[in-house]
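Here are some exercises to work through with the model open beside you. Try each task yourself before you read its solution.

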Amino acid sequence: MIKSITNRHIRWMTLFVLLLLFVTASFLSISLGKTSIPLSTVWDAFFHYDPSDTNQVIIRTSRLTRTLIAITIGTSLSIAGALMQALTRNPLAAPDIFGVNAGALFFIVASATFFSVESLSGYMWIGFIGAGVAGVIVYLLGSMGEDGLSPIRIVLAGAAISALFISFTQGMLVLDEQRIQSVLFWLAGSVAGRELNLLLPVLPFILGAIILSLLVGKPLNILMFGDDVAKNLGLNTGLVKLVIGIIIVFLAGGSVAVAGSIGFIGLVVPHIVKGIIGPNYQWILPISGIFGATLLLCADIAARLIIAPQEMPIGVMTALFGTPFFIYIARKGVKKSG
Amino acid sequence: MGDFYTIRSKNDKFSMKFHKKSLFILICLLLLTVVVFIISLSAGSSYIPVGAVFQELISESDHTFILNELRMPRVIMGFLVGAGLGVSGLILQGVIRNPLGSPDIIGVTGGASVGAVLFMVFLLGEMSVNWLPLASIIGAAVTSAIIYLLSWSNGVTPMRLILIGIGISALTNAIVTMFMVSSESAVASKVYLWLTGSLYGSNWQEVTILLPIILTLIFFSFFFTEIVNVKQLGDDIAIGMGVRVQFFRFLLLALSVTLAGAAVSFAGGIAFVGLIAPHIARIILHKSFANLVVGSALIGSSIVMGADIIARTAFLPSDVPAGVFTAGIGAPFFIYLLYRNRKGFR
C-alpha cells in the first residue's frame, strides 16, 4: 500500500493532537464536577497525596474511577463500532444500532430478576452472552437478502430486536418496582457512581480485546478488498471474522455490563476518524479508541455540568450529539446504496 | 370500476363475492372483539363470572364497583387505543407504501411521548388532564414534520423516512429520559409506567376525553376511501386519475399522526400494534380501504385488550404494562416481515 507522505503526516498529527486532547479531557474530568477541584490539587492527589485533604480523597476515591470507566467504555465502544462497520460494510453499524446493547441489558436484568444473579462477574458473563445472541440474530436477519448484508435491513432488524429486548426489560423492571430508579439510570447509560471493583473483573477482557483489535488491523485491511480477493491473498477470512466477532462481543458486552447502554459513540467516532485519516484500519482502530475515550470524557463532563447539581445520564448526552450525525449518515449512505 | 368505490355505500362497493366474504369476516372480527371485551371485564385479580358481567351490562350487579369503576374504563380505553393505533398504522403503511411503516418505528409515538412527558412534568399541576391528548398530538405532529423534512431530498423515499425515523426515535427517547431524570422521583415513576404502555388506572374522565377524538378521526378516515384505493395503484396513475397526490398524502399523514398521538396520550407507548393490526387485516380481508379501516380497528383493539388481559392476570398481584406483551407479539412479527420481504427491498 502506497502511503503518501502527507497522509502519514496527517496520521501522526492526528494522533498527537488527539493524545493532547485526551490528556486535557482526562484532567478536566477529574477536576470538574459538583465541587470543582483546582488542577494543582489534582496533581497533588497523584504525586503528593495528603489523606487529610477532602478534595484529594474525592479524586482518589470517586473521580478517578469515573474517569477511568469513561475512558474504558469510550475506547471499547468506538473500536467495537469501527470493527462492526468494517465487518458488515455498513456505515450505520454500531453496538447500539445492532441491538447488542439492548441484548446484553436484557440478559443481565433477566438474570438478576429470575435467577437472582448478584455477582459482578456473573453480570459480565451474562452481558457477553446477551451481546453475542443479539448480535448474531441481527447479523443473520440482515444478511438474509439476495444481495447479502444490506445496511437498511440490519438497521431495521436491530431496531426490532432492540425494541423487543427493551420492552421485556421494562416489563421486568415494572415487576420489581424498587429497582426502577436505580436501574433506570443504568438503562439510559451512565458512568457515574460506579465502583472500581465493577470495572476490575471486566477490565482484563476489554484490555485483551483492545490489544487483539490492534493486531487485526492488517488482516482487516486485506478483508476490505472483498472476501474473494482476501482468500486469494492467503487470508483465513473465516478465522479473521470470528476473531473480530469475539472482540466485538467482549468490548460491547463488557461496556454494557459496566455502564449500561451508551449509544452513538460507536457509530460516530469511526466515521469521523475515517474522514480524517483515510481507510487504513491499522490506524483507524487505535485512533478511534483514543478519540472515543476523549469524546466520552467530554460527554461525561457535560452530563455533570449541564443541570448541576443533578446529573444527566451520559447516554442522553451522546444521543443528543449523535442523532444529528446518524441522520447525516443515513441521508448520505442511503443515497449511495440506492 | 370507478363506480364501485363510492364512499359509504358499502352495498355496491365490490363484486358480490368479495363483498360477502369480507362482510362475513368483518362480522366474525366484530364478534371476536366483543368476546375479548367480555373476557376482559370478567378476568382480573378477582374473577367475575361472565353471567354477572352480562347482568351488569343490562342493569346492576354485585360487582358494580369493580366492573363499572375499574374494569370498564380500562377495557374501553384498551379498545380505543388499539383501534386508533391500528387505523393509524394502516394509513401510514398506505401513504409511505411500505409494509414496515408503523407509528412507533418511524418515531411518531416517540414524539407523542415527548409532548406528553413535557406536559406531565411541567403543566399537569396547572392545567387539567383534558389537555394531555393535545400535548401529545402536538408532539407527534412536530416530530413527524421534522422527520418528513429531514427525509426530503428530491422527494421522500420510504426507506429514508424509516431510517431517519429510527434515528429520531433515539433522540426522543433521550429527551424523555432527560426530563425524567431531572424531575422528582414521584413524577419519574409515573412517567415510566406511562412510557411502557399501561392501561392501569384508566378512568372514565380519560375515556370521555379520548372516545370522541378517536371515533371522529376514524370516521374521517372513511372519507379518504376513494383516494387511498386509487393511490395504491401508484402515484402516476393516481395523478392521471385526477388525484392531488401531494395534498392528500399530507392530509392522510396528518390524520395518521393525530390518531397515533391521541392513542398514545393516555396509554403510553403500546408498541407494534400499529404495525401488526393492518397486516393481519390485509391478509384476511379484501384490500379495499373501507374494509381495512374497520378490520384494522377491530384487530388492533382485540390485540390491545387481549394483551391487557394477560398483563393483568399473568403476574398477579403485579400489573405488567400491556405494552410489554404487544411488543412480545409484535417484534417477532416484524422480524417475520423482514424475513418474508427479504427480496423485496433494500
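**Before you start.** Chain B contains 14 helices and zero strands, where helices (H or I, at least four residues) and strands (E, at least two) are DSSP runs numbered from the N terminus. This is a predicted model, in which local features need pLDDT of at least 70 and side-chain atom pairs count only at pLDDT 80 or more, while totals for chains, interfaces and linings use all residues. Residues are numbered from 1 along each chain as its sequence is written, and chains are lettered from A and ligands numbered from 1 in the order in which they are written.

**Exercise 1. Describe the make-up of each chain.**

*Step 1.* Read the elements of chain B from the N terminus: α-α-α-α-α-α-α-α-α-α-α-α-α-α. Chain A has 15 helices and zero strands.

*Step 2.* Look at burial. A residue is buried if 20 or more other C-beta atoms lie within 10 Å of its own, exposed if 12 or fewer, and partly exposed in between, with C-beta atoms placed from the backbone. In chain B, 53% of the 346 residues are buried; in chain A, 51% of the 338 residues are.

*Step 3.* Turn to contacts, meaning pairs of residues whose C-beta atoms, placed from the backbone, lie within 7 Å. Of the contacts in chain B between residues at least 6 apart in sequence, 76% join residues at least 24 apart.

**Exercise 2. Find out how chain A meets chain B.**

*Step 1.* Count the residues: 41 come from chain A and 40 from chain B.

*Step 2.* Find the elements on the chain A side. Those giving two or more residues are α6 (151–175), α7 (179–187) and α15 (314–336) of chain A, and α6(A) gives the most, with 15 residues.

*Step 3.* Sort this side by class: 26 residues are nonpolar, 11 polar and four charged. Here Ala, Val, Leu, Ile, Met, Phe, Trp, Tyr, Cys and Pro count as nonpolar, Asp, Glu, Lys and Arg as charged, and the others, Gly among them, as polar.

**Exercise 3. Work out how α4(A) and α12(A) are arranged: what is the angle at which they cross?**

*Step 1.* The axes of α4 (residues 100–114) and α12 (residues 237–259) of chain A come within 9 Å and cross at roughly 55°. Therefore α4(A) is oblique to α12(A). (Angles under 35 degrees count as roughly parallel, over 145 as roughly antiparallel, 65 to 115 as roughly perpendicular and the rest as oblique.)

*Step 2.* Name the residues that touch. V100(A), N101(A), A104(A), L105(A) and I108(A) of α4(A) meet A252(A), G253(A), V256(A) and A257(A) of α12(A). Seven of these residues are nonpolar, two polar and none charged.

Methods. Contact = placed C-beta atoms within 7 Å. Axes fitted to C-alpha atoms, helices over the stretch in contact; angles between N-to-C directions.
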